[in-house]
Amino acid sequence: MYLNTGSLSVGSLATLALSVFTTRERALVTHQPSLVPSYPLAVRSPYLSTWMPSDQVQTLPFAEPQFWAGQSLSWSVMARVGGQTYSLMGVKDPGENVRPAIVRNAKYTATHTIFTLSAGSATFTLDFLSPISPSNYIRQSLPFSYLTVSISGVTHQSVQIFSSIDGRWTGRPQNTTREFVITGWTYAFSLGVEDSIPYSEADDMATWGEAFFASRRSSSRNPSVITFSSGKSEAVHSQFVKTGRLADNQPPWAPGGIVALAHDLDIVQDGSVTFAVGHVREESINYLGKPYTGYYRSLYQDIHDAVSHFLEDYPDAYRESQILDREMRLQAEDAGGEKYADIVTLSARQAYGGIEVTIPNDTLNTTDVLAFIKELSSDGNINTVDVIMPAFPIYYILDPDYIRLLLEPMMRYLAAGRWHKPYVIHDMGKHYPNAIGHDNQQAEPMPIEECGNLLVLVLAYVRATGDTRWAAQYTDILQGYADYLVDNGVDITEQLSSNDAAGALANETNLAIKAAVGIKAFGELTGLAEYSRIGQARADLFFTQGCGTDEEKTHFALQYPDKPASWKIPYNLYPDVLLDLQTFPGAAYQMGSTFFKSVRAEYGVPLDSRQDWAKSDWNMWLAGTLDPSTRDEFVDDLWAFMTNGKHHWPFSDRYVATSAKGRSPGMPVLCRARPTVGGHFALMALQGPQSLQTTVSRKLAERLAHLQRYSTHQEFSLKLGEEL
């Protein structure tokens, strides 16, 4: 086909190229293991959470990624092969001398997102790695993520690779500052905010701290040459397109500019370079007026040393990620099949991406470790108990210490007597990152919900770790909340449950179930048999005596005693199964296995008989209590929602399940990127506490022992290179 382009502008040429590109290549992209709504690129904290919507993957060379809340971010990647430049990602206006590479494949694992593109005879991969290493507090707390750009299939041509970001990563693109530092082999740009205010946000983005963009020269015999530049994107791009290098300069900074790094690999057949992107806040969390900082600063007080370490750590982080990815997939398939494995592997980075692991900023005392989690995509509360609760199955199998780390900030606050209500506080602060409590006693009231949650979580931690000392110091506090459930868990006043969007109810059966299980959990935790007996008696009341069921005992009612035709998914039964409390008899679970087949809609079972929307975390909890046939239906329905191609947010845990009320089924509702997707691991958690953690640790030790068999540093390096 011949195109007459003589009268077209550069912008028109780019538009025309995009049109031809999308028309010809749209059908060629494959998605593995399945199509997902949005691909996680750099997902490490509430403020480093960058995604590529799946509807933009086909035009990746032109597409900009997004912050989890939907704001576009500039992150461009180009490559130059034998003098010809190709756009690989995020080059909105490439110009007439830049050709778009062709996207062939999009793949995700638990820790990686990998795009494969072809450019002439060359094949490029963009490998985005966000490590999940919960037991390694240094690695887990480093606020950076990797991008490795690899090339193969080159026939002895020179290769250069370019990447850049802009001020939008700071949340205040019109008020950015720029710095550039070379530390040994590491080249790093940082973008800050003028006159920033600590602990401030704009549209969920941190507006204090710095966005980082860095890379490192190889220390091999033939190291790549790194060049750098910043300024207007057109000028910086032009430098690279013309010469394959940047100007090694820093002209006066102006809003709207980019910071860029380029590697010259010289003449190669294949090779790769790795970049680091991140968001750093030295004072990360305001905990009761005292600043807490990332755990990594116990070793790396200078952030440039930290980013250098992060890049040096890539081989070890990569090796661990490969083992975690493989073992998570295998255990997930064993627990729930291939579709279930697709679900949890997409959920993993998101579940940890809402958490930061911290120590005091003044002392950097590593014996005082606290974790903080953001209630993303709703009101932004910090360490919400009913966010920790649905998420905890992933901690249970990967590192149950996180249950304690997330609860400890609240337990200290409660022990200090600053919360005066007789029930558990809902959260540790109105908005992340200010964990300042609620001395005004005005936290969102969820009395039964949070009391039951806390007692179950503490028992889960003790069962998983054997650590009784931590819980023992809070026994008196916990007993007060157990007593609250004893006194208030039958005639339940009108109140909210975790699903506050559904509104407040009196005598909600699912809350009564939570109270019964919570009381039994406290009895098991302390050995106080009276509480175990009361928990059992409550289960007898609501199931055996039928107070919480319909007359035929086909299902639990939404409310008791006068609304037997209503229903709600009784996901609060799951801890009873997980912890083998045996509060409720087997017949209660068999009842649900039959009933929920009858109310299944286009995308599964809604939350209750009033709603048309479902909650993915609670549905996976419930699935863990049902027989295999019904469990598989719940998995199939969540997988169908995840892969339907109708939506492009980071994994939403709330979505329209049925068209019964006139809305389009299979569409997300309000929630995106929430760490509550840790609840998707409920089926895997039934395999036992630390089940995944133990396997990954053992396999990693075996792999390291295998590598150590190589007698020389050169042999070790060659073998490691093969792995990478």
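In this predicted model, the largest nonpolar core has 223 residues. Those with the most contacts inside this core are W75, F115, L126, Y395 and F584. Helix α9, residues 447-465, supplies the largest share of the core, twelve residues. In soluble globular proteins, nonpolar side chains tend to be buried together.

The surroundings of F584 can be listed in detail. Neighbours within four places in sequence are left aside here. F584 is then in contact with I513, A516, V517, A539, F543, F556, L573, D576 and Y589.

An unreviewed UniProt entry carries the annotation "domain: Glutaminase A central" for residues 337-683. The end C-alpha atoms of residues 337-683 lie 10 Å apart.

Charged pairs were examined next. The structure holds 34 salt bridges. Side chains of opposite charge can pair when their charged atoms come close. One of the salt bridges joins E449 and K514, with the closest N and O atoms 2.5 Å apart. This pair links distant parts of the chain, 65 residues apart. E449 lies in helix α9, and K514 lies in helix α12, residues 509-526. E449 has a relative accessible area of 0%, so it counts as buried. K514 is also buried, because its relative accessibility is 3%, under the 20% limit.

A salt bridge also forms between the side chains of R600 and D637, at 2.9 Å from N to O. The two residues are 37 apart and link distant parts of the chain. R600 sits in the loop between α15 (586-598) and β26 (613-615). D637 belongs to helix α17, residues 628-643. R600 is partly exposed, with a relative accessible area of 35%, whereas D637 is buried at 8%.

D653 and K615 form a further salt bridge through their side chains, at 3.1 Å from N to O. Distant parts of the chain are again linked, 38 residues apart. D653 is in the loop between α17 and β27 (654-656), and K615 is in strand β26. D653 is buried, with a relative accessible area of 1%. K615 is buried as well, with a value of 8%. Elsewhere, salt bridges that share partners join K597, R600, E633 and D637 into one network.

Definitions and conventions. Residues are numbered from 1 along each chain as its sequence is written. This is a predicted model: local features need pLDDT of at least 70, side-chain atom pairs count only at pLDDT 80 or more; totals for chains, interfaces and linings use all residues. Side-chain values use heavy atoms; hydrogens and water are left out. A nonpolar core is a set of buried Ala, Val, Leu, Ile, Met, Phe, Trp, Tyr and Cys residues joined through side-chain atoms within 4.5 Å. Buried means under 20% relative accessible area, exposed over 50%, partly exposed in between (1.4 Å probe, protein chains only). Helices (H or I, at least four residues) and strands (E, at least two) are DSSP runs, numbered from the N terminus. Contact means heavy atoms within 4.5 Å. UniProt positions are given in the numbering used here, feature names are shortened, and annotations may be inferred rather than shown by experiment. A salt bridge is a side-chain nitrogen of Lys or Arg within 4 Å of a carboxyl oxygen of Asp or Glu.
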